[in-house]
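Subject: Structure for you to look at

Hello,

Here is the structure I said I would pass on. Please open it first and then read the notes under it.

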Amino acid sequence: MDSHLKCPVCGCEHVYPDGALWMCPECAHEWNPAETAAENGEAAVEIRDANGNVLADGDTVTVIKDLKIKGSSMVVKGGTKVKNIRLSDGGDGHDIACKIPGIGAMNLKSGFVRKA
Ligand SMILES: [Zn+2]
């Protein structure tokens, strides 16, 4: 997973993890990739609801419009409350994983919900 990491100082690709830090054998630089990413503005992407509020794991949201469920005749009605969402990048625009009462586990798009 982390094999693409390079030393941010000298660009050496032979870096290796040492606890929470990464070490560079070329220039002896030590750094924390998570912090480096945050400094570069590459921290976890914020997922926002239809009103622009930042969503978090465990939030309760309300579906703002009827959503047809692909491959079924079921519809998630606008106004449905969804508890305990989990943010997950589905890679297809669906960035919220949740369980909807009466329907089950599914993924939603953050643009179709509003923080309750
Ligand atoms: Zn280096």
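Predicted model: local features only at pLDDT ≥ 70, side-chain atom pairs only at ≥ 80, totals over all residues.

Overall make-up. The protein contains one helix and eleven strands. Their order from the N terminus is β-β-β-α-β-β-β-β-β-β-β-β. Of its 116 residues, 25% are buried. Among contacts with a separation of 6 or more, 35% are between residues 24 or more positions apart.

Zinc site. The zinc ion is held by the SG atoms of Cys7, Cys10, Cys24 and Cys27, at 2.2 to 2.3 Å. Along the sequence these donor residues follow the spacing C-x2-C-x13-C-x2-C. Cys10 sits in the segment before strand S1 (16-18), while Cys24 is in the loop between strand S2 (21-23) and strand S3 (30-31), so this pair ties together parts 14 residues apart in sequence. The arrangement is tetrahedral because the angles subtended by the four donor atoms are 105 to 120 degrees. For comparison, the ideal angle for four tetrahedral donors is 109.5 degrees. Is Cys24 buried or exposed? Cys24 counts as buried, because its relative accessibility is 2% and the cut-off for buried is under 20%. Cys10 is partly exposed, at a relative accessible area of 41%.

Nonpolar cores. The largest nonpolar core has 15 residues, and the members that touch the most others are Val82, Cys98 and Leu108. Strands S4 (61-63), S9 (96-100) and S10 (104-108) each contribute at least two residues to this core. The largest share, three residues, is from S9. Apart from this core there is another, made of seven residues, including Cys12, Val15, Cys24 and Trp31.

Beyond its neighbours within four places in sequence, Leu108 is in contact with Val63, Leu67, Val82, His94, Asp95, Ile96, Cys98, Ile100 and Val113.

Pocket. The largest pocket holds about 300 Å³ of space. Which residues line the largest pocket? The lining is formed by Leu67, Lys68, Ile69, Lys70, Asp92, His94, Met106, Asn107, Leu108, Lys109 and Phe112. Strand S5 (67-68) and S10 each provide at least two lining residues, and S10 gives the most, with three. Leu108 is one of the lining residues as well as a member of the largest core.

Regards

Technical notes:
Residues numbered from 1 in each chain as written. Heavy atoms only, no water. Core = buried A, V, L, I, M, F, W, Y, C linked by side-chain atoms within 4.5 Å. Buried < 20%, exposed > 50% of the residue type's maximum accessible area, 1.4 Å probe, protein only. Helix = DSSP H or I, 4+ residues; strand = E, 2+ residues; numbered from the N terminus. Contact = heavy atoms within 4.5 Å. Donors = N, O, S within 2.8 Å, 3.2 Å for Na, K, Ca; no water. Tetrahedral: all angles 85-135°; square planar, octahedral: opposite > 155°, others 65-115°. 1 Å grid on protein atoms, 1.4 Å probe; cavity = no way out; pocket = protein on both sides within 12 Å on 5 of 7 lines; lining within 4 Å. Points joined across faces, edges and corners; volume = space filled by probe spheres on them.
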